[in-house]
Every structure is written in C-alpha cells, then in structure tokens.
Amino acid sequence: MRGQIPQSTLDKLMEELADIEHQRWSHWQRYMHSKCERKSDGSLVIPSELVGQWERQIATPYDSLTESEKESDRDQVRRYLPIVLQALGLIPNS
C-alpha cells in the first residue's frame with residue numbers, strides 16, 4: 001500500500017495526524033491538571049479515585065469498556081478519520 005501513496009501525501013498526512021495527536025494530548029493534560037491538587041513545589045497529586053478509575057481503564061480491553069468509555073474513544077477517532085479517508089482517496093478533500 002505504501003508504494004501507491006505519494007510520499008508528499010504521506011508527509012502531509014503525518015503532519016495533520018501529529019497536529020491532532022498534539023491537540024488530543026494537550027486536552028488530556030489540561031483535564032488531568034484540572035483534576036489534580038497542585039502542591040507548593042509545583043508538583044501535582046492525582047486524587048486516588050481517579051488513579052483507580054484510570055488504572056481500571058488501562059487494564060480493560062476496548063471491547064470490555066463501558067459504552068460511554070468506548071464513545072469517548074470513538075470521539076477521538078472521529079477527529080482524525082476524515083483525514084485518513086481523504087488521504088486514501090475514499091472521500092473528497094474538503
């Protein structure tokens with residue numbers, strides 16, 4: 001498949017997806033920081049209930065997540081799927 005897609009298209013796709021990944025990561029970090037207790041030295045402490053929740057989610061395969069947890073993951077995919085489909089020529093560029 002790689003030989004069928006021009007390198008310039010792959011390079012553009014990489015940059016577009018990396019931009020979305022940075023946005024996703026930044027959003028997650030803002031969320032995490034908002035849930036933590038900031039100490040006087042600038043460090044952050046994650047509340048134990050969130051640690052428990054996130055550790056459970058980390059250990060849970062996707063197909064065993066709750067429907068709302070799956071929907072959260074789907075929301076993230078919806079952000080970059082159109083870019084992938086456009087790069088593959090499956091939908092027109094907007």
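Modeller: Residues are numbered from 1 along each chain as its sequence is written, and side-chain values use heavy atoms, with hydrogens and water left out. The model is predicted, so local features need pLDDT of at least 70 and side-chain atom pairs count only at pLDDT 80 or more, while totals for chains, interfaces and linings use all residues.

Colleague: What are the elements of the chain, and in what order do they run?

Modeller: The chain holds three helices and two strands. Starting at the N terminus, the order is α-β-β-α-α. Helices (H or I, at least four residues) and strands (E, at least two) are DSSP runs, numbered from the N terminus.

Colleague: Why is the chain called more spread out than a compact globule?

Modeller: The radius of gyration, taken over C-alpha atoms, is set against the globule rule, 2.2 Å times the number of residues to the power 0.38. For 94 residues the rule gives 12 Å, and the chain has 18 Å, well over that value, so the chain is more spread out than a compact globule. The C-alpha trace spans about 50 × 35 × 25 Å along its principal axes.

Colleague: How do you know what span to expect of α1?

Modeller: The expected span of a helix is 1.5 Å times one less than its number of residues. Helix α1 has 29 residues, and its 42 Å from first C-alpha to last is close to the expected 42 Å.

Colleague: What makes a residue of α1 buried, and which ones are?

Modeller: Buried means under 20% relative accessible area, exposed means over 50%, and partly exposed lies in between (1.4 Å probe, protein chains only). In α1, Leu13, Ile20, Ser26 and Met32 are buried. The buried residues of α1 pack against α2 (48–59) and α3, where contact means heavy atoms within 4.5 Å. In the chain, 14% of the 94 residues are buried.

Colleague: Why are Thr9 and Gln29 called partly exposed?

Modeller: Thr9 has 26% relative accessibility, so Thr9 counts as partly exposed. Gln29 has a relative accessible area of 23% and therefore is partly exposed too. Both residues lie in helix α1. For Gln29 and Gln57, 28 residues apart along the chain, the C-alpha separation is 17 Å.

Colleague: What makes the pairing of Glu21 and Arg24 a salt bridge?

Modeller: A salt bridge is a side-chain nitrogen of Lys or Arg within 4 Å of a carboxyl oxygen of Asp or Glu. The closest N and O atoms of Glu21 and Arg24 are 2.5 Å apart, and the pair forms a salt bridge. Both residues lie in helix α1 (residues 7–35), three residues apart, about one turn of the helix. An α-helix has 3.6 residues a turn, so residues three or four places apart point the same way. Glu21, at 39% relative accessibility, counts as partly exposed, and so does Arg24, at 29%.

Colleague: How many salt bridges are there, and which ones involve Glu71?

Modeller: A search of the whole structure finds eight. Among those of Glu71, one joins Glu71 to Arg74 at 3.0 Å, N to O. Another joins Glu71 to Arg78 at 2.7 Å, N to O. Salt bridges that share partners join Glu67, Glu71, Arg74, Asp75 and Arg78 into one network. Glu71 and Arg74 are three residues apart in helix α3 (residues 67–87), and so are separated by about one helical turn. With 28% relative accessibility Glu71 counts as partly exposed; Arg74, with 26%, is partly exposed, as is Arg78, with 46%.

Colleague: Why does Val77 qualify for a nonpolar patch?

Modeller: Patches are made of residues with over 30% relative accessible area and no salt bridge; like charges are joined within 9 Å, and nonpolar side chains (Val, Leu, Ile, Met, Phe, Trp, Tyr) within 5 Å. Val77, in helix α3, has a relative accessible area of 32% and is partly exposed. Val77, Tyr80 and Leu81 form the patch, with about 220 Å² of accessible area together. Accessible areas come from the Shrake-Rupley method with a 1.4 Å probe; for residues, only the protein chains shown count as cover.
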